[in-house]
Amino acid sequence: MPNTALLRRVSALAVMIAMPGLALAQAPQKAPTPAANTPAAPAATPAAAPSADAVVASVNGKPITQGDLAIAADDPALSLPGVDEAQKKNLLVDYMVDLRVGAQAAEAAKIGDTPEFKRKLAYFRDKLLLDDYLEQEAKRAVTPEAEHAIYDQTVKLMKPEEEVHARHILVDNEAEAKKIAARIKGGEDFAKVAAEASKDPGSKAEGGDLGWFTKERMVPDFANAAFAMKPGQISDPIKTQFGWHVIKVEEKRTKPQPTFDELKEQIDQHLIRKAQQDMILKLRSEAKIERTDAPPAAQAAPEPKK
């Protein structure tokens, strides 16, 4: 099996060679004007998926199949974002031709007979076997029943949290903050004043809107003030390490529990990691494992000189 560095080099070469044709193929082409009274062509029937054994090319008589292309397409080193399927197939065929040409030359040079190559081959065979075995275990672990059991267990452990939806205006000093608080309490629109005067680049354009947040997400002085206020209330100036704030609380609520769909990806990752870890631990416990590289027993430290 060729090593990853070689795969990347060959892949890059194949893509560079094919790039001029690719650029030409991607250039916009002017559509021909249909002739008058020309009947519309019948809709094309979707082609059946090609068989994995379908031969797409051959190198010195040895076939390259559609299944070979599928394996190459799964290689992260051959990712071709933004390339349509027809162009991608052409590039993959070119790559597989280069790979086979190079591999055949390496076989003729007896590279595969060296002890180092045989060790690499054994390593990558073991790795591929383990990867596929772990993938099978992952598929077995992720079931609707297991997903919902983890979700139910997770939401039961979630304690209700209070959230506040607030706006703020950040300025440099207390005198300026007092003037802004007076303007708003005098009837000016908070969002308009925030867009005009706030020094906070993250919320200024949104009229000072900070969205919903729990108490621990904000610095203590700001959070204590916001969570002590009632909806619609405007604070006196509040000092934090960022400057001086004028706060308006819009709403309060108990934080809603996340939905199953919001947690599904995290749940699936948890199920996969646990199943794979449990499988490896079980296999290790059942195997006879002997370590012959254990370091010698530590020698006693010499006594300090008197």
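Buried means under 20% relative accessible area, exposed means over 50%, and partly exposed lies in between (1.4 Å probe, protein chains only). The model is predicted, so local features need pLDDT of at least 70 and side-chain atom pairs count only at pLDDT 80 or more, while totals for chains, interfaces and linings use all residues. Residues are numbered from 1 along each chain as its sequence is written, and side-chain values use heavy atoms, with hydrogens and water left out.

**Exercise 1. The chain as a whole**

Task: State how many helices and strands the chain has, and what share of its residues is buried.

Solution: 
- Step 1. Helices (H or I, at least four residues) and strands (E, at least two) are DSSP runs, numbered from the N terminus. The chain has nine helices and six strands.
- Step 2. The chain has 306 residues, and 28% of them count as buried.
- Step 3. The accessible surface (Shrake-Rupley method, 1.4 Å probe; for residues, only the protein chains shown count as cover) is about 21900 Å² for the chain, and carbon and sulfur atoms hold 57% of that surface.
- Step 4. A contact means heavy atoms within 4.5 Å. Among the contacts with a separation of 6 or more, 65% are between residues 24 or more positions apart.

**Exercise 2. Glu163 and its partner**

Task: Decide whether Glu163 is buried or exposed, and find which side chain it meets in a salt bridge.

Solution: 
- Step 1. Glu163 has 6% relative accessibility and therefore counts as buried.
- Step 2. A salt bridge is a side-chain nitrogen of Lys or Arg within 4 Å of a carboxyl oxygen of Asp or Glu. Glu163 meets Arg253 in such a bridge, with 2.9 Å from N to O.
- Step 3. Glu163 is in strand β3 and Arg253 in strand β6, so the pair ties together parts that are 90 residues apart in sequence.
- Step 4. Arg253 has a relative accessible area of 34% and is therefore partly exposed.

**Exercise 3. The length and faces of helix α5**

Task: Check the span of helix α5 and find which of its residues are buried.

Solution: 
- Step 1. The expected span of a helix is 1.5 Å times one less than its number of residues. For the 14 residues of α5 (residues 144–157) this gives 20 Å, and the end C-alpha atoms are 20 Å apart, which agrees.
- Step 2. The buried residues in α5 are Ala146, Glu147, Ile150, Tyr151 and Val155.
- Step 3. Seen down the axis, they fall within an arc of 155° and so line one face of α5. The arc is that of the directions from the helix axis to the C-beta atoms.
- Step 4. The face turned away from the buried side carries the exposed residues Glu145 and Lys156.
- Step 5. The cover over the buried residues of α5 includes α4 (115–141) and α9 (260–286).
- Step 6. Glu147 also belongs to a network of salt bridges with Lys264 and Asp268.

**Exercise 4. The largest nonpolar core**

Task: Name the core residues that touch the most other members, and say which elements give two or more residues to the core.

Solution: 
- Step 1. A nonpolar core is a set of buried Ala, Val, Leu, Ile, Met, Phe, Trp, Tyr and Cys residues joined through side-chain atoms within 4.5 Å.
- Step 2. The largest core has 13 residues, and Ile169, Val171, Ile180, Ile184, Phe190 and Val246 touch the most other members.
- Step 3. β3 (162–171), α6 (174–185), α7 (190–197) and β6 (243–254) each give two or more residues to this core.
- Step 4. In α7, Phe190, Val193, Ala194 and Ala197 are buried. They fall within an arc of 105° seen down the axis, so they line one face of α7.
- Step 5. The cover over these residues of α7 includes β3, α6 and β6, while the face turned away carries the exposed residues Lys192 and Glu196.
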